[in-house]
Amino acid sequence: MLTIGILIILISNGVLLFKHKRFFKYLKHILLYDSIAFVIFLIFTFYQSRNTPNYITTNSGKIYTIKELNINSRLYIDRGYKFNNLADSLKGSVFIQTANDDKANNQQNLFSIIISDCIGSRVFFLFDKRIYSTQLYNWMPQKKFQEVHPLITSTDKDANYILYTYTITKEKDTLYIGGNQSVIDKKNRKNIKKCSSNLIIFKEVQADHITNFNNLDKDKHSFKLLVTGPDSLSFQQKIIDHDLWLNGKKGMRLDNLGKISNKVCYNGNLIEADLSSTIIDSSGFNSSLLNNVEFSNSTFTNVNFFNSHLDSTNFNKAILKNCMFLGSDLRGAIFTNTKFKNVDFSCANMAGVIFEPDSLPNIQGIASSYNLDSITYRTDPGALIKLKEKLKTAGFTDAHRKVTAAIQRKKHTLTSSTATKFIDYLLFDFTSSYGLNPLRPLILLLILIYVFYKTYLFLFFIDKLKIHIKHAGTSGEMITDKIHPGRLLFLSIITSFAIGFGPYNINDWAKKLLAEDYILQPWGYTRILIGIQNLISLYLFSLTILLLFGDPFSFW
């Protein structure tokens, strides 16, 4: 938003420089109004960025949070320990509030993040000296260490931290964060139960520059495959053979397994496996690639998909009971005629998911999922309509708006008339994303005030502005003058807010802010231009009120 605002200001002033003598004559007014416009753009940019997701999904199944670091900030999501001493340079930084219950985790990719546009910023990894190994953790990106005591201390009096620093050197820097036990000296292994989890602090990095992500296809060989549970070696070998088959080598496609029970697969590559009509019980797929897997007619009971890729995976006519898709990427996954019972989609990516199940998943979980506004259906919107109503009843207003927008966008694509599509997009999607952004019409209204102001100013500079101002003279008589360019912004404001009913008229209230009464008398195409601005502003203002205090898109 801020970039767009700056471009509008620069381009409009570039056009006005066409009449450079008048431009510099009224430069004081122009700079004042441009400064006001810049502040408005800045405010709305902050408003749009303040809702950045602050969750980190992990392969342990816990959800970490991104918090601001200050004295008395809690260290962990599951403990009451607080910071009681911080270096001034770190105060106000952001940090990942991990879970102390994960202190014994032995994964090398507990979670993954991308840090964008922060070259030169530093990341601080804090390790508990009671468990810290002289042998480096092999998931660490660099090898630079220093002790921090007494730089950082906490109310956990037994904890003594060692600091590991990493400097960001790329526009998009990828970090894989592992657990304490990924590499530990044998002599320190006995201390694992009384140590603390790792902590990560980001200096000069804003929260909206930190993106949680799952292992991408190009990273599928970055971590070793691990399968736990009974007969795990046999299942692990089948996954290895399937990976060979995918790469055109000697191997065998993974299919017709019949039943998978009490097994957990980490970092598995099961792309395009055929597991249709499979019974999967008390198992898990963590940080695994399950893209285009055929799960149709399968039955899942107590199955967890933590941080896994399930792009375009087919769950047609599947039955899922007590399952979790925490942090998984479900882009384009198919849930048609699927039966859900206590299924949790917390923090999952629902972009393009075809959603036509016979029953609904856990409402609280799906409310926290991402990209709900791009969830879709093939032919039957019934499940999405039910989901929308359940979200509204449960008080998840934002998620309700997203599903509403998704339904309306699908209706838009099913419309055959090009003209109807264009009008529908212009009036509803562009202005408010079908109610998903209730303040966007107001933002557009303020932008239009500025744009029309610059338009009137340009017409004034080329002597084409056809408008007079009628006001009282020194002796009380009415005098007609040409409008001064310093009043053109106010002209644009009162034109946009010529809205009201009877005595309740915003235009009249705005005029009372001036020291004198006056009447504007436009004619010719200037009058037509003012009329167009007034009609557009009336629509945008009315739409803002409807969206803030109603739910207009739920009725069609």
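Which residues of the largest nonpolar core touch the most other members? The structure is a predicted model, in which local features need pLDDT of at least 70, side-chain atom pairs count only at pLDDT 80 or more, and totals for chains, interfaces and linings use all residues. Residues are numbered from 1 along each chain as its sequence is written, and side-chain values use heavy atoms, with hydrogens and water left out.

The largest nonpolar core holds 48 residues, and Phe-300, Phe-325, Leu-330 and Phe-345 touch the most other members. Two or more residues come from each of helix H5 (232-246), strand S16 (279-286), strand S17 (299-306), helix H6 (363-367), helix H7 (382-393) and helix H8 (397-414). A nonpolar core is a set of buried Ala, Val, Leu, Ile, Met, Phe, Trp, Tyr and Cys residues joined through side-chain atoms within 4.5 Å. Buried means under 20% relative accessible area, exposed over 50%, and partly exposed in between (1.4 Å probe, protein chains only). Helices (H or I, at least four residues) and strands (E, at least two) are DSSP runs, numbered from the N terminus.

Beyond its neighbours within four places in sequence, Leu-330 is in contact (heavy atoms within 4.5 Å) with Leu-310, Phe-325, Phe-335, Phe-345, Ala-348, Asn-349, Met-350, Ala-351 and Val-353. A second, separate core of 30 residues includes Tyr-33, Leu-459, Leu-465 and Phe-497.

Helix packing was examined next. The axes of H10 (residues 440-461) and H11 (residues 488-496) come within 8 Å and cross at roughly 135°. H10 is therefore oblique to H11. Angles under 35 degrees count as roughly parallel, over 145 as roughly antiparallel, 65 to 115 as roughly perpendicular, and the rest as oblique. Axes are lines fitted to C-alpha atoms, for helices over the stretch in contact, and angles run from 0 to 180 degrees between N-to-C directions. Among the H10 residues that meet H11 are Leu-445, Phe-452 and Phe-460. The contact comprises twelve nonpolar, two polar and no charged residues. Ala, Val, Leu, Ile, Met, Phe, Trp, Tyr, Cys and Pro count as nonpolar, Asp, Glu, Lys and Arg as charged, and the others, Gly among them, as polar.

The axes of H9 (residues 418-432) and H13 (residues 525-549) come within 12 Å and cross at roughly 60°. H9 is thus oblique to H13. Leu-427, Phe-428, Thr-431 and Ser-432 of H9 contact Tyr-539, Leu-540, Leu-543 and Leu-547 of H13. Six of these residues are nonpolar, two are polar and none is charged.
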